[in-house]
Structures are given as C-alpha cells and as structure tokens.
Amino acid sequence: MASESQQVTSLEKFSNFTEWFDQLLLNAKIADNRFPVKGFLVYLENGAYIMERIRRMLEEKLEKTGHKLTLFPLVTTQELFAKEAEHIKGFSREVFTIEQKSEKGAERILIVRPTSETIMYPMFKLWIRSHADLPLKVHQSVNVYRYETKATRPLYRVREIPWNEAHTAHESPSDAERQVREAIEIYSQVLRELGISFLLLKRPDFDKFAGAVYSIAFDSWNPDGRVNQVATVHNLGRNFSKAYDITFEKKDGSRGYVYQLCYGFGYSRVLAAIIAQHGDDRGLVLPPPVAPTQVVIIPILFKGQEKEVMDYANKIFNELKDKWRTVLDDREDVTPGEKFYYWEMMGVPVRIEVGPREVIEEKVTLTRRDTLERTQCNRLNVSREVERLMESLMQNLRERSERMLYQLIIDAKTMEEASKAIDNKCIARIAWCGSIECAEKIKENVGGEIRGERYDIAEHPDRPCIACGQTAKTIVYVARAY
Ligand code: PR8
C-alpha cells in the first residue's frame, strides 16, 4: 500500500479571504454576483445543488420531529404587519413592498415577507382552538426579502434570503423551552454532519430578534474573523400570541394565550460556512453528504493502452456509480494534470486514478481531497476503501474546523487585548457587567460586537468587567460579524 501525504495550505484563504472567496464562487460554479439588482444572487449549478442537499438534510430532521411542511403566501397587509410593536420597529425599514392598483385607481401597499410571523400567525389564530391542537409545529423552505442596510455580501448578506423557517405554538412555557432544545439539537445535528463548527450563543437583550423574549444563535467561524450567524432560535413567549390573539382552551376549561417559538436556518450562510471553513488554496473541500460529485475517476492514458485503461476505468465506474455520485472524466482534450486541478477546485472528496500500472496490478490509486493523501487498494476493495476515505475525511473536516474555532478564541483581560484579538481576525472572550453603556464602549474601543454568552455551557466570570472594572455578570464573546 503506497502512501504519500502532502501539506495543503490555506494561506490565501486566511490572508486574503474576500478575494479568495469571490473567485471561488465563480470558478467552482457556486454563484454569480453580477446580477444587476444588488443583493440578489444567481446560484449556479454547484451552489444550487449543495443548498438543495442541505435543505433535504434539514427537512428530514424537521419532519421526523413532527414539523409539518406548509407553504404560506409571500405577502401580507400593512395592518397585519404592524400588529406586534417591537417586530414592526425591527423590520419596518427593511421591507420591500408591492404596489397594488385596482381598476378604479385605488392603491394598496402589500408587504413582501422579511420573515413570516405576520403572515402565519393570523392563520394560527384560526387553527388553534384547544390544547388538543398543541403543539403546532410547521416549517417551510422559501425565500424571504430584506432590504439590508448593511453592506451586502454574496451568500453572507443577501436581500433575497433562501432559508427554512419553523414556527411552533405550545400550551406552557416549559413545553416551549423543550422546543428550544429540540430546535437547537436539529440545527446542531445538520451542522455537525456538514463539519461546521460554531459557538452557540444567547444574544444579549439589545440584540435579540424583534419581538422575542430571547434569541439563541449559531455563530460559525470565518477565516476573516467575522462570525457568520448561520441559524437562530427565538423564544417568542406570548408577545405575538397576544398581538395576533392566538388563544386556546386549556384542560381546565379556561382560555390562555399560546407560547411561541420561531427559528430559522440560513441556507446561503450555511453554504458560505462550508466553503469558508473547509476550503483551502486549491479550492473547495466538500463534505460528502452535499458534494455534487463525490468520486471522480481519471484515466491516465498512454499510447497503445487506451482501450485497456478505459475498460478498466469503466469497470470501476460501474462498481461505484450506484452508491456514490461518480464521474468518469474521459475528456480527451484535457491532460490528467488539468483534470486533477479542476476537480480539486471543485472539492470532490475522493479522486481515483487508473493507468496502465493499475490495470496490470488490478489496483486503483485514490486521493482524498482534505489532505491530498494518496493510497492504493485492490480493485475488488474499491467500494469499501471509498467508504472508509469518506468517513475519515468527514471526521477530519469536523475536527479540523473545531480546532480552528478554539484557536480563534482569545481570552482577553483588557480592552487592548480584546482589540488586538479582533485586529488579528480572532474572537475575543471577555468578562462583561451586562450594561448597555459598557457594551457600547466595548464596540467602540474593541471594534467588535458582543455576540452573547455560551448557551450550551455555563461560564462564570473570574474577573471584573473589561470596560468599567465593576463586578462582571457574564462571560461573552466579541467579534465582528457579517
Ligand atoms: C427570523 N423568523 O427571522 P433571523 N442574508 C443571509 N442570511 C440571512 C440574512 C441575510 N441578509 N438575514 C438573516 N439570515 C426568525 C426565525 C423566522 C425564522 C439568516 O430570524 O432574523 C441567518 O442565518 O435571526 C439567520 O440566523 C436566519 O436567517 C434567521 O433570521
């Protein structure tokens, strides 16, 4: 068994992230950002494919846990939109509207969903009668539209947002809390299966979702130091049920407002995280569950032996094609070297080369994309070997990404240390007293925002607030964000 390991660098990705990312989007057929309406992206064959795979992974888990698939309209009225006061405050400057003119010339403005609370909840009011209708759990994968005022960035901050949103209603606060844990588990599982590592953070009150009691966010790391919020879970308490009058008859015959949650999973941001966390200077490195091509077979042709090699390559192809998305790259006008380069950029997890030597020895040579390590195996074992490599690659992606996350976290005891951490494209871990004044001071002096405290583990401050020197209430993470 021959083995040769090579160092794959990610220098370009870390030193010049934006350029690296933008070029890769086009070269690897992920997305084209040149559409003439700002913030609206064209998803190319690989980008659209990967997002579709992510969608299926998520929806399968949502449906297994009793979330019913629904499809709600794109629009709502201004009156319905304005019912929950905090929500309208949060979103009013970001909405796209449609002008609707009747034949008589009367005008009506419709609001295009920036999210669907105000579209779904008037219907929840009609559907929910008694405790027997609860919990109600629905979800949909749709585009929502936000006139983002922050600078747009392809995949990270778009104005047409492809996402899945789930909305639930419950009879008690404890059932709503149970649902928070279920939602977190579902999102964590999908992200884990994609090897994406993240901080699970409870957002500070000043940064929670408009209308929520509290918000939990999944902040994934990014090579340029800006965290990428790929998903969020919001506990809405009874804020919306009171505004939209969603009540139910309790077991004891009295009536009460339902407790609600909404949670969202940003498909384009998860795609960005896959590219950004796993990619290297040669291009994409795709997790097998979402790779459009999982195995590529490249025949190495020598004059006079073309037929033997092609027959052999076809045999391997037939052995693999039902189990893995396999391509036999038999282009005649492209050299094997050029093919290697192309498929490496495309992030194909496993490459198989077969040449005259492999034919004679009844072997194949395999290269895994994450480490570019080469191995050989007997032709008869190829299917098993591919499976082993896929598992090992996936585990390595997960571990490598997790290691990087913890390398990027800098425990900062002073403003200077925190500021230096942010300048060095890291995430600062600091002690904070909880006051808005100090949060503002930190933002100003450090150059990053307080993203929140860990939700998955309890972290107790062992030092005073970094800004005022008073007793700290909590340990929080500070970073720049998209
Ligand atoms: C909600 N209501 O709306 P959220 N570009 C790309 N992805 C985005 C963008 C953007 N401009 N804005 C948001 N996302 C709740 C929960 C129904 C669902 C993605 O929550 O405003 C982010 O990944 O927190 C974000 O975490 C997710 O949508 C949910 O958005």
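Mentor: Happy to! Let's start inside: α11 and β18 (363–368) each supply at least two residues of the lining of the largest cavity. Keep in mind that this is a predicted model.

Trainee: Which element gives the most to the lining of the largest cavity?

Mentor: Begin with the residues around that space, which include Phe340, Trp343 and Glu344. Helix α11 spans 336–345. With 3 residues, the top contributor to the lining is α11.

Trainee: How many residues of the lining are charged?

Mentor: Sort the lining by type: 5 residues are nonpolar and 1 is polar. Among the lining residues are Glu344, Arg351, Arg368 and Arg369, and Glu and Arg count as charged. The number of charged residues is 4.

Trainee: How much space lies in the largest cavity?

Mentor: Rolling a probe the size of a water molecule over the atoms shows where empty space is left. Counting cavities of 30 Å³ or more, the structure holds 1. The space in the largest cavity is about 60 Å³.

Trainee: Now for helix α2: within what arc do its buried residues fall?

Mentor: In α2 (residues 17–27), the buried residues are Phe17, Trp20, Phe21, Leu24 and Leu25. Looking down the axis, you find them along one face of the helix, because they fall within an arc of 130 degrees.

Trainee: What do the buried residues of α2 pack against?

Mentor: Two of the partners are α1 (11–15) and β1 (31–32).

Methods:
Residues numbered from 1 in each chain as written. Predicted model: local features only at pLDDT ≥ 70, side-chain atom pairs only at ≥ 80, totals over all residues. Heavy atoms only, no water. Buried < 20%, exposed > 50% of the residue type's maximum accessible area, 1.4 Å probe, protein only. Helix = DSSP H or I, 4+ residues; strand = E, 2+ residues; numbered from the N terminus. Arc of directions from axis to C-beta. Contact = heavy atoms within 4.5 Å. 1 Å grid on protein atoms, 1.4 Å probe; cavity = no way out; pocket = protein on both sides within 12 Å on 5 of 7 lines; lining within 4 Å. Points joined across faces, edges and corners; volume = space filled by probe spheres on them.
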